[in-house]
Amino acid sequence: MSADTINETIHVCKYLGAEKKTKTIEGEVVLPDIKPDILSIVRIRGRVCINSVRPEDDKINIDGTICFNVIYIADDEMNSQRGVNYELEFSESIHFPGVTQDSVVRLKYDVGNVEYKVINGREIAIKVPVVFHAKAFHNCDISIVRGITDDDEMEVQKTNCNICSTIMTAGTQIEVKENVQLDAHNSPIGEILDCDLNIINKEYKLSYNKILAKADAVVKIIYTADNENQDVECFETTLPLMGIIDMDGVKDTSQIKLDYMLKSFWIKPVYQDLQANCISVEITADVNAFVYDDNDVELITDFYTPNALLNSETESNQVLKSMIDIDESFSITQTLVVPELDNTRILNISGDVTLIERNVLNGKIAMTGNVDVYVLFAKASNHLIESKKMELPFQQV
């Protein structure tokens, strides 16, 4: 007997895999001439800004900047509290077999604890580990068997499979430049010691082949007041982030993933009549969209006939079934007795998560790790800022 297969070419996305690489960024922070010498360090924190992610043959190139914020006690008559921002540029290459310049790449990163050593009153040696997590995909066409001619005498086994179509990518750059007035109860700014940015409330809307990306940027500063006591004060504001991404072919049923990547972030005091009751905020961020459709495909997995000896050849393809992002919030509640925080004013609390172990089983992920909690506070007696680190272990499924 003679039988031929009925083939169909479909567009799919192959999953090339995931790679992780840790880069330790080292350098020296040099104080500007207008800043007094260092007596002691209160806290140093690093923030990563990514300028470009470029896939090439078997590698992914990353260019960026790590911005360090330094709070220190000055070696002057008043032991004043001062702040310094410093930037270090870096480049990194992740070896990734199978990646080409046409591959689709999703990049995430984690910033570790900053290690530092004061070299002299003007220089600080610093190093910080940054862990890059990269996933890569490749759009291609594959041929599948949809049927067999003259199959009246054949037993054919079929299965339905849900796979991801080719991933479309596009992005846009969001720029925010805005002057924000301090609240009425805030004193004028003497010097900004610390600034922080957190992007929250990420959402999107579709309209005529366009994706409207929306989010909120929560901006917070800690500063010394421009008064006789140089009191330490805080101010927080929320600014909208909005960008439009052109994406031909996007549908209401399309799966859409948005990644925000900070490129630069600056806050400066704005002076009027020799007083700074306002700050200038400048934010530049990229928002990238990854769009695909879920397709149900019927595949022939086996066929048989007692009237002939059949030979077949198959080819294996690892295709993406779905790009899943699962966000689940959980609370860690623990009471800590910290004598150092008596008679103090809490200025800021931040946390870094360290994942120690991860186990995957039956659709669940069991995680064990620590949260390093950093408390920035000012003593009521002398208004000096201090930092306290605490570790909170957690287990979560």
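Which residues does Phe265 touch, not counting residues up to four places away in sequence? They are Arg47, Cys195, Asp196, Leu197, Val219, Val281, Glu282 and Ile283. A contact here means heavy atoms within 4.5 Å.

The model shown in these views is predicted, so local features need pLDDT of at least 70 and side-chain atom pairs count only at pLDDT 80 or more, while totals for chains, interfaces and linings use all residues. Residues are numbered from 1 along each chain as its sequence is written, and side-chain values use heavy atoms, with hydrogens and water left out.

View 1. Buried means under 20% relative accessible area, exposed over 50%, and partly exposed in between (1.4 Å probe, protein chains only). In soluble globular proteins, nonpolar side chains tend to be buried together.

**View 2. The open sheet of E10, E11 and E12.** The 3 strands follow the order E10-E11-E12, with antiparallel pairing. Strand E10 (189-206) and strand E12 (232-246) are the edge strands, each pairing on one side only. Neighbouring strands of this sheet are turned by 15° against each other on average, direction ignored; the axes are lines fitted to C-alpha atoms, for helices over the stretch in contact, and angles run from 0 to 180 degrees between N-to-C directions. Strand E11 (residues 210-225) pairs with E12 over 15 bridges. Asp216 stands opposite Pro240 in E12. Strands are DSSP runs (E, at least two residues), as are helices (H or I, at least four), numbered from the N terminus. Two strands pair if DSSP finds at least two bridges between them.

**View 3. Ile189 in strand E10.** Ile189 is found in strand E10. Its relative accessibility is 0%, so Ile189 counts as buried. Beyond its neighbours within four places in sequence, Ile189 is in contact with several residues, among them Leu182, Ile221, Tyr223, Pro269, Tyr271 and Ile279. The C-alpha atoms of Ile189 and Val105 are separated by 42 Å, and the two residues are 84 residues apart along the chain.

**View 4. Strand E14 and its partners.** Of the 18 residues of E14, 14 are buried, so this strand is largely enclosed by the rest of the structure. E9 and E14 run antiparallel and are joined by 14 bridges; the bridge partner of Gln173 in E14 is Asp286. E13 and E14 also run antiparallel, joined by 16 bridges, and Ile267 stands opposite Val281 in E14. The hairpin of E13 and E14 has 2 residues between the strands, and Asp273 takes a positive phi near 55° there.

**View 5. Two aromatic pairs.** The structure holds 2 aromatic pairs. Rings of Phe, Tyr and Trp (its six-membered ring) pair if their centres lie within 6.5 Å; planes under 30 degrees apart count as stacked, over 60 as edge-to-face and the rest as tilted. The rings of Tyr15 and Phe137 have centres 5.7 Å apart and planes at 40°, so this pair is tilted. Tyr15 in strand E1 (residues 5-30) and Phe137 in strand E7 (residues 123-148) are 122 residues apart, and the pair links distant parts of the chain. Tyr15 is partly exposed, with a relative accessible area of 27%, whereas Phe137 is buried at 3%. The rings of Phe90 and Phe132 have centres 6.0 Å apart and planes at 40°, so this pair is tilted. Phe90 lies in strand E4 (residues 81-95) and Phe132 in strand E7, so the pair ties together parts that are 42 residues apart in sequence. Both Phe90 and Phe132 are buried.

**View 6. Lys389 in strand E18.** Lys389 is found in strand E18 (residues 385-396). At 41% relative accessibility, Lys389 is partly exposed. Leaving aside neighbours within four places in sequence, Lys389 is in contact with Asn113, Asp372, Val373 and Tyr374.
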